[in-house]
Each structure stands twice: as structure tokens, then as C-alpha cells.
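Hi everyone, and thanks for making time this morning. I'd like to walk you through a structure that may be new to you, so please have a look at it first.

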Amino acid sequence: MAIAYNKRTCDCGTLRAADVGRQVILAGWVNNYRDHGDNLVFIDLRDRGGLTQCRFNVDTDPEATKLARTLRKEDCVAVRGEVIHRGENVNPKLPTGEIEVSIQEVEVLNKSLTPPFEVADHVEANEDLRLKYRFLDLRRGPMQRAIIMRHKVTQAFRTFYYNEGFLDVETPILTKSTPEGARDYLVPSRVWPGKFYALPQSPQLFKQLLMMSGFDRYMQIARCFRDEDLRADRQPDFTQVDLEMAFVDVDNVLDVVERSLAYVWKEAAGIEVPVPFRRMPYDEAMRDYGSDKPDLRYGMKLIDVTEVAGRSEFKVFRDAVERGGVVKAICLTGGGEMTRKETDGLTVEIQGVGAGGLPLCKVVSEGGKTILQTGIAKFFPEGLAGDLIAAMGAKPGDVIFFAAGRFGDVCKYLNWLRITLAERRKLVPAGKWEFLWVVDMPSFEWDEESKQWIFLHHPFTMPRDEDLPRMESDPGSVRAKCYDIVVNGVELGSGSIRIHNREVQSRLFRMLGISDEEAMAKFVHLLTALQYGAPPHGGLALGLDRIAMLLSGTDSIRDVIAFPKTQRAFCPLTECPSEVDAKQLRELGIDLAPEVKAKRKAAENEA
RNA sequence: GGGGCCGUAGCUCAAUUGGCUAGAGCAUCGGACUGUCGAUCCGAAGGUUGCGGGUUCGAGCCCCGUCGGCCUCGCCA
């Protein structure tokens, strides 16, 4: 090799004025080139560490300068030269801006085609193009920082939990399909034609088994797979910080998890987070915020105005109340300045969420009195309007938004509205981290479709001790020993204390209309293990992608995943999923459905 | 599965009410330039307006279908 690129003296972000005079070897990519004619050429060389300006002078190094002139963006090169001070020409924008390297020798390690988009910090390209050329996208500063942030988060979690005595144990990727919950990704097997493994939705059952095995503190950075529709914060394969502890109750789990989060925020991002975190019962979260993951960085609580609204002449409200529903409202301080166009726009949008409309009225001051105006104000006679204003704590200049109907629907609409208003009107304070435990969720929920009770969490979640006697008589009142950790309106993770007693587990399955035979068929390994001295245990799983996303300041987990998939679970880089050979299918004993074949043929003919 | 927004040069965008040869910035290529660092200056090249159909004298624009992307509801124990 012309230049010993395997003996780089440092990376492109480290050289300073103190290094002037040193002979250095650098390697990296051409970030930019500036050709000043016969004598002078500049190349900005970039690697993971940063940028270093390389100077080529034809008078002193004609060969190198000649070659430098042919360099283009994203060429991979190695250079050798002397660190010199820039004198009058320091660049304060660069950490290395005091120096440059006067290049004596340059070697092109590999030319680059013209990139399909500019490899620059400020990116303009569409995300799907960036995903197709992810290896180029990942060269960009913000992406490098995001991936590095993720690494720091991972490392901090490991350090913390290892220091707390947690054992890192791997669990199978090929495992058993469980039809409950999310859809499984299935894996066929040549050795077992007609049978399938499933990729784990989480290591849930295995980590419980590890507790029964006596490894009383377990953690794993675990890949999980769910074949469901995607979102900005959901990928088909994602990563959990999975943990489980034996001989614990709720407080033990919350304590160690919140300390781990505080440690990670400090270590990875330098942010101090006070512990313990606030706790809020699920009912309170739903009542005040209409959400099981409320964002506490701003106010705009939901206020129940069912009583007042029921006395109004507005038919929508009266109907809702008569049908046993609720009317709730939020007050937007200073919202009176919103234009008709803005509120009409919100109406259309909230209809997209499912609401019939967006009733509202403005609070104004007139003749020394505070009154309601516009919108549905006319349905509130003076006295009633006063009651409403008092209930809302509204002041002149505010706007009151309403939602009426079933409790769940009202929550959905006003939660959407609260979040949307906070974002649009910039009511979200920067740099604030509002951690919150949401606890005491119901164990069961009545499902209208199947006309039976279904579990809200998973079927191994322990009900609260004092609620156990009511499991059969009043299932709706049973609260679970389960907990969600939320920060700034984002659910970071959830967990529970598990059932460690076979009798309780059987009672619970019976209650849900699942026979013992059925339960055994699905969960034989767990149910059997429960009978051999299973210890009390519980745990939690944290969404690593979301944590990395929040600490990177992005709003999509795709930004902290090196090779993510699109919303339709397609990878533009590898172009997967893809078709496979007929031979592969034959070996697996699999035939495609006729309609799938027909569709494929039609697509081929078109192409 | 439902709703919304979007698709024009390699990239990001523009194109008046449906009307002349579809434009601009960046990137690319050629040339100039000794201190730039988002270099600058001069010039060139670059288009199946995602795809298919329809309406029209005339479609980037209107209509229908389809493909793809993002957001969202459902879904995600």
C-alpha cells in the first residue's frame, strides 16, 4: 500500500493547534473539495470523528495536488502530511478549524459514484431514498450521532444492570407461536414440514422460566418481532431492554427501573433526572388526560362538564348525557386568537380521528362580564355559561373545546386535541423530562365483540392481592399489579408482577373462557413450571428504540435504527421481503394460495 | 381495513383559471481562479410530470383506477 491506512495516527476530529508539526496519516471520505486553480486545492476529509481540512499545494507537492484535483465527494482516500496552523484563516465552525494538514501524499482507496443525494448534515432527500442508500445516509453527521447515542444507551443499560447483579441470558429467536396478542412472524422448517416456529413477540415466557430456574435477576437486550401495522415509533423488529426479577413486588421493580433510566439519561446524554418518579393511577390518567400515557409537560387537563352540558340546549350534549355518556372539555389559554380557518381545520382533522365534530366556544369580556361567544355559545344561557366558565376556570381570551359521547371516545378525541394543540401552539417546554409511572390498570376489559372478558395486559399478570376475591364476581373492578413507564407522553415500557401460583393462573384462564386443555396446549412449558416451586416474580421491558429516539431528539425510531423498514414493513435497501425459489417452498412443504399466485402473475405481466 | 397529505431533472421544489419550447437552486460535466471552508465566476448537459385509462381542441393541473412514501384511526395481550 502506498499509504499505511492501517496505521492511521488519529481520526479526522482530533487534531488541534497543539498537534502542529506532527506527521499524520488520515483516512476517510471526501466531504467537499475546493479547487482554487493552479496552485491550491482543499479537501475536507471526513470520518466518524469529524472533519479535517487537507491542503494541497502544487509548488511543494505537485503529484499529490494533481491527484487531489480528481477527487470527488464520497471518494474514499488516505492522506499523509504535516499538521500546520491555519494562521489568519482559522475556521471557528470546526473543532479542527485551527489546523489543516499539508498533504504530501494521497491515495485513492476507492472512487465513489456521484451520490444520489448530498451526504450533508442538513438532509433534503426523501426518507425512502435515504433508506435505499442507507449506507450513505448513515455517513451523515446526525445519523452517526444517533447511532452513537443508541450505543451509549445500550452500554449504559448493560453497565447499570450488570452492576445490580442482573445476569444477561439469551433466549430463543425460533420459538413457539402464541396466537394471542400481536400477529406472529412464522418460520417454516424443512425438518418439520407443515410446522412452524414463530419469532418471539418478546421473551416473556422465557424470562419467567428463568426466574423459575433460579436466575433471580435477568436482563437482555432482546430483539422482538410483531407482524402488525407500523408507526413512527413502531418497527416489525424492534429492541427491548428486557428484565425480570424474583422475590419482588411492584416497588422493587419500579425502584430499579427508574434508577436505570436516571443512569442512562445521565450517562448517555448528561441529563440529571430526579428519582423516584411520580406515580399516577390509570383511572386518574384517563380522567385528567384521556390517555394511559399522559404528557405532563403542559396543562390543558380534561374537565368533566357532563352536568353543566346536560343542562344546555345543545342536542349533541343532551343526547350524549341521556345515553349515559360524558361531556368533557379542555380550555386553551389564549386560544381566542385562533382564526375560524384554524378551528375549522381542527374540526376536519378531529373528524378523521372519529369525532362527529368539534364543538367550541370562545370566552370574552363584554361590559365587565365574562361571557361565551361564537360556536355553541348560544346553547348556553347566561347562568349556565357562568357555571361552565367557572368549571373550566376559563378567562377572557380562552377557547373551550368539547367532546361528548362514550367515555372512551371522548378520551380519544380530547387526548388527540390536547396533544395537537400543544404541538401546534408551541406549548411544549423544551428540555423537560416528565417521567411518570402509570399504575393500577384494570386486569380485564369487557369485549363487546366476543361478549367476554379479555385481559388488558397479558394473561400472566397478577391481580392486586385485595382484588383477587372479586375476580369472578366483579372482574371489571380488579386492578392488575402492572405498570407503564411514560416520559413526555411516550410509553417507554411496561411490566407487571406475574402469577406464580398455578391455582390463580387456572382461575384466571377459566374466567376468560379458556379451558385448561387450551391453556396447556399453548403454554404447557409455563404452566408446568409453575407447579415446581415457581418463585414470586415480576419484571418489565423497555423500548430501547424509543429511548434512543428521545435522547437523540428525533421523532421517529427509524432514525435510531441502522437499517429500518418502511411503514409497510419493506426494506428499500435489501428489498425484502422477497419471493423465494419454488424449490425452497417445496422443501418446506409450502404452496402459495391460488389468489396469491394469480396476483403475482398479474404483476409479472404488467412488468 | 378506514381517513388525510404527497409523488415534476440525480436531489429539493416551482409552474396563475386547463393554454407558448415544463423552470429555479443544489448536485453533475467543462472552463477560470493562491486561502477557501455551503468557495466564487462563466458555460453545458440533464424531463415517459410514479404508472394505466378517461374528459378536452389542448392535461403536470380535472375524473377514475393503480403503485409507492409519510402521518393517523383500527391493530400492536
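**The surface around the RNA**

Let's begin with RNA strand B, which has 49 residues surrounding it, the closest being Asn32, Arg34, Arg55, Glu124 and His457. A residue is counted as near the strand if one of its heavy atoms lies within 4 Å of it.

Before I go further, a word on where these values come from. This is a predicted model, in which local features need pLDDT of at least 70 and side-chain atom pairs count only at pLDDT 80 or more, while totals for chains, interfaces and linings use all residues. Residues are numbered from 1 along each chain as its sequence is written, chains are lettered from A and ligands numbered from 1 in the order in which they are written, and side-chain values use heavy atoms, with hydrogens and water left out.

Back to the RNA. What kinds of residue make up the surface near RNA strand B? There are 22 charged, 15 polar and 12 nonpolar residues. For the classes, Ala, Val, Leu, Ile, Met, Phe, Trp, Tyr, Cys and Pro count as nonpolar, Asp, Glu, Lys and Arg as charged, and the others, Gly among them, as polar.

Four elements each supply at least two residues of this surface: strand S1 (23-35), strand S2 (40-47), strand S3 (50-57) and helix H2 (127-132). The largest share, four residues, comes from S1. Helices (H or I, at least four residues) and strands (E, at least two) are DSSP runs, numbered from the N terminus.

Which part of the RNA faces the protein? Of the atoms of RNA strand B within 4 Å of the protein, 53% belong to sugar or phosphate, and the rest to bases. We can pick out an example of each kind. A backbone N or O atom of His458 lies 3.2 Å from a sugar or linking oxygen, and one of Gln567 lies 3.0 Å from a phosphate oxygen.

**A pocket and a cavity**

A cavity is a set of points where a 1.4 Å probe fits but cannot get out, a pocket is an open set with protein on both sides within 12 Å along at least five of seven lines, and lining residues have an atom within 4 Å of a point. Grid points are joined across faces, edges and corners, and a volume is the space filled by probe spheres set on the points.

The second largest pocket holds about 1200 Å³ of space. Its lining has 28 residues, with Tyr185, Leu186, Asp227, Pro577 and Ser578 nearest its centre. Strand S7 (186-188), helix H16 (582-588) and helix H17 (594-606) each give two or more residues to that lining, and H16 has the largest share, with four. By class, the lining has 18 nonpolar, two polar and eight charged residues.

How many cavities of 30 Å³ or more are there? The count comes to one.

**A buried aspartate**

Please find Asp75, in the loop between helix H1 (62-68) and strand S4 (76-85). Is Asp75 buried or exposed? Asp75 is buried, because its relative accessible area is 0%; buried means under 20%, exposed over 50%, and partly exposed in between (1.4 Å probe, protein chains only). The side chains of Asp75 and Lys111 are joined by a polar contact of 2.8 Å. That term means a pair of N or O atoms within 3.5 Å; within protein, one must be able to donate a hydrogen and the other to accept it, and residues adjacent in sequence count only if both atoms are side-chain atoms.

**Some backbone details**

Most residues other than glycine have a negative phi, and most peptide bonds are trans. Here, the bond from Cys576 to Pro577 is cis, with omega near 5°, and the one from Val275 to Pro276 is cis as well, with omega near 0°. Pro577 sits in the loop between helix H15 (544-552) and H16. In the loop between H15 and H16 you also find Glu575, which has a positive phi of about 55° although it is not a glycine.

Note on methods
On a 1 Å grid over the protein atoms alone, a cavity is a set of points where a 1.4 Å probe fits but cannot get out, and a pocket is an open set with protein on both sides within 12 Å along at least five of seven lines; lining residues have an atom within 4 Å of a point.
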